[in-house]
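Reader: I am new to this structure and would like to learn how to read it. Could we go through it feature by feature?

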Amino acid sequence: MTSTADSRLQRIVEQSATALTDADGRFHKRSLTDAVREQLAREDLDAHIRMAALDRLAQSLVTGFGEQRNPRRRRTGALFHPRDLVKLGTGVWVWMDRSTDSDLLEWSRLSRRNRSRVDAADSEVQDYVDQRIDAFRAHADVVYLGDLERLAFGWTSDQADVSGSPN
């Protein structure tokens with residue numbers, strides 16, 4: 001996908017999100033999905049942008065398929081199902097029915113690594129929220145996080161990502 005196509009698709013999503021946002025800064029994901037789909041169907045997109053959108057759709061469908069087939073404990077207490085998928089990293093998936101001992105070892109190693117990343121990210125979120133809740137208590141007149149960040153933590157627009165994306 002080209003950066004031009006990606007940028008155009010992201011603008012469509014952002015414009016739709018902005019249009020759907022209510023006075024409290026909220027919108028529903030389902031409404032956003034519907035609005036983006038309508039915009040893509042209505043929009044006269046260049047062929048490379050349309051292909052990028054189709055690539056995204058295909059990736060999303062494949063990801064959903066993989067999540068649906070992710071091994072999970074069943075009512076019987078078993079984790080195994082022959083049509084589930086074991087994800088081995090670097091995009092390699094194997095049907096659980098055909099997994100080998102080395103596949104299971106790799107899956108276990110990746111699972112542990114992913115768990116530690118999730119735990120670290122969650123710790124970061126919890127620390128951030130704890131600090132902000134304390135700051136909200138100290139600044140009872142502040143209602144919105146954006147105002148609190150500017151007042152209590154010195155956030156400025158200079159700190160915004162250069163690309164304009166939130167990440």
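Reader: In which helix is Q39 found?

Author: A word on the source before the answer: this is a predicted model. Q39 is found in helix α2, which covers residues 29–42.

Reader: Is Q39 buried or exposed?

Author: Burial is judged from relative accessible area, and under 20% counts as buried. Q39 has a value of 18%, so Q39 is buried.

Reader: What joins the side chains of Q39 and R42?

Author: The side chains of Q39 and R42 are joined by a polar contact of 2.7 Å. As a general idea, an α-helix has 3.6 residues a turn, so residues three or four places apart point the same way.

Reader: How far apart are the end C-alpha atoms of α1?

Author: A helix can be checked by comparing its expected span with the distance between its ends. At 1.5 Å a residue, the 18 residues of α1 should span 26 Å. The end C-alpha atoms of α1 are 26 Å apart, which agrees.

Reader: Which residues of α1 are buried, and what covers them?

Author: The buried residues of α1 are A5, R8, L9, I12, S16 and A17. Their cover includes α2 and α3.

Reader: Let us take one of them. What does S16 touch?

Author: S16 is found in helix α1 and is buried, with a relative accessible area of 10%. Not counting residues up to four places away in sequence, S16 touches L32, A35 and V36.

Reader: At what angle do the axes of α1 and α3 cross?

Author: The axes of helix α1 (residues 3–20) and helix α3 (residues 47–68) cross at roughly 70° and come within 9 Å. Angles of 65 to 115 degrees count as roughly perpendicular, and that makes α1 roughly perpendicular to α3. On the α1 side the contact is made by T4, A5, D6, R8, L9 and Q10. On the α3 side it is made by H48, I49, A52, A53 and R56. These residues divide into 5 nonpolar, 3 polar and 3 charged.

Reader: How do I read the packing of α4 and α5, and at what angle do they pack?

Author: The reading follows the steps used above. Helix α4 (residues 101–138) and helix α5 (residues 145–153) pack at an angle of about 85°, with their axes 11 Å apart. That makes α4 roughly perpendicular to α5. The contact is made by Y128, Q131, R132, A135 and F136 of α4 together with L145, L148, E149, A152 and F153 of α5. The residues of this contact divide into 7 nonpolar, 1 polar and 2 charged.

Reader: Now the loops. Where is T90 found, and is T90 buried or exposed?

Author: T90 is found in the loop between β1 (85–87) and β2 (93–95). T90 is exposed, with a relative accessible area of 83%. Its backbone has a point to note: phi of T90 is near 50°, a positive value in a residue other than glycine.

Reader: Where is F80 found, and with which residues is F80 in contact?

Author: F80 is found in the loop between α3 and β1. F80 is partly exposed, with a relative accessible area of 45%. Leaving aside neighbours within four places in sequence, F80 is in contact with M96 and D97.

Reader: How far apart are F80 and L20 in space?

Author: Distance in sequence and distance in space are read separately. F80 and L20 are 60 residues apart in sequence and 43 Å apart in space, C-alpha to C-alpha.

Notes. Residues numbered from 1 in each chain as written. Predicted model: local features only at pLDDT ≥ 70, side-chain atom pairs only at ≥ 80, totals over all residues. Heavy atoms only, no water. Axes fitted to C-alpha atoms, helices over the stretch in contact; angles between N-to-C directions. Helix = DSSP H or I, 4+ residues; strand = E, 2+ residues; numbered from the N terminus. Parallel < 35°, antiparallel > 145°, perpendicular 65-115°, else oblique. Contact = heavy atoms within 4.5 Å. Nonpolar A, V, L, I, M, F, W, Y, C, P; charged D, E, K, R; others polar. Buried < 20%, exposed > 50% of the residue type's maximum accessible area, 1.4 Å probe, protein only. Polar contact = N/O pair within 3.5 Å; in protein donor to acceptor, adjacent residues only side chain to side chain. Expected span 1.5 Å × (residues − 1).
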